[in-house]
Amino acid sequence: MAVRHPSIASKAAKKVKAARVAKAHRHATEGKNTVVTPASKAYTDPRDVLIKPVVSEKSYALIDENKYTFIVAPGSNKTEIKEAVQAVFSVKVTGVNTINRQGKRKRTRTGFGQRAGTKRAIVTLAEGDRIDIFGGPTS
């Protein structure tokens with residue numbers, strides 16, 4: 001919902017806003033909190049952002065460049081992904097690139113369907129940091 005500038009808001013909208021502000025002021029002076037605050041859109045646990053690591057040939061090739069690939073929650077942004085990786089793995093993240101991948105179209109006997117789309121994040125770590133969830137090099 002777009003917020004209009006007060007000078008172009010309708011008289012009814014101004015009246016509703018004034019009533020809302022007056023009610024909030026009255027409740028603050030009386031000390032009661034009857035307004036229920038909605039749950040935040042932010043993720044409470046960093047493990048809600050990171051779904052699972054991507055195990056593929058390409059993602060293993062990126063480990064040499066200190067880049068790790070994860071499937072992440074579709075609604076998460078780069079800042080949330082960075083904070084989640086830093087919190088879960090105790091490493092320093094220098095960069096995050098995200099990719100929205102469409103699900104593949106698959107044909108069945110009854111017609112066509114589509115796999116679910118995924119959001120992936122390629123996370124670059126600082127020099128010297130590693131994540132051992134992928135397994136180290138076999139040397």
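Biologist: In this predicted model, how do you know that the length of helix 1 agrees with its number of residues?

Modeller: Helix 1 covers residues 11-30, which is 20 residues, and at 1.5 Å a residue it should span 28 Å. The C-alpha atoms at its ends are 28 Å apart, so the span agrees with the expectation. Just after helix 1, G31 takes a positive phi of about 85°.

Biologist: Why are strand 1 and strand 3 called edge strands?

Modeller: The open sheet has 4 strands in the order 1-2-6-3, with antiparallel pairing. Strand 1 (50-53) and strand 3 each pair on one side only, and are edge strands. On average, neighbouring strands of this sheet are turned by 30° against each other, direction ignored.

Biologist: What makes strand 3 and strand 6 a pair?

Modeller: Two strands pair if at least two bridges are found between them. Strand 3 and strand 6 are joined by 8 bridges and run antiparallel, so they count as a pair. T98 stands opposite A121 in strand 6.

Biologist: Which residues have the most contacts inside the largest nonpolar core?

Modeller: That core has 16 residues, and those with the most contacts inside it are F70, I81, V85, V123, L125 and I131. At least two residues of this core come from each of strand 2 (67-72), helix 3 (78-89), strand 3 (93-101) and strand 6 (118-125). Helix 3 lies across strand 1, strand 2, strand 3 and strand 6, at about 120° to strand 3.

Biologist: What makes V123 a contact of F70?

Modeller: Contact requires heavy atoms within 4.5 Å. Beyond its neighbours within four places in sequence, V123 has several such contacts, including F70, I81 and V85.

Notes:
Residues numbered from 1 in each chain as written. Predicted model: local features only at pLDDT ≥ 70, side-chain atom pairs only at ≥ 80, totals over all residues. Heavy atoms only, no water. Expected span 1.5 Å × (residues − 1). Core = buried A, V, L, I, M, F, W, Y, C linked by side-chain atoms within 4.5 Å. Buried < 20%, exposed > 50% of the residue type's maximum accessible area, 1.4 Å probe, protein only. Axes fitted to C-alpha atoms, helices over the stretch in contact; angles between N-to-C directions.
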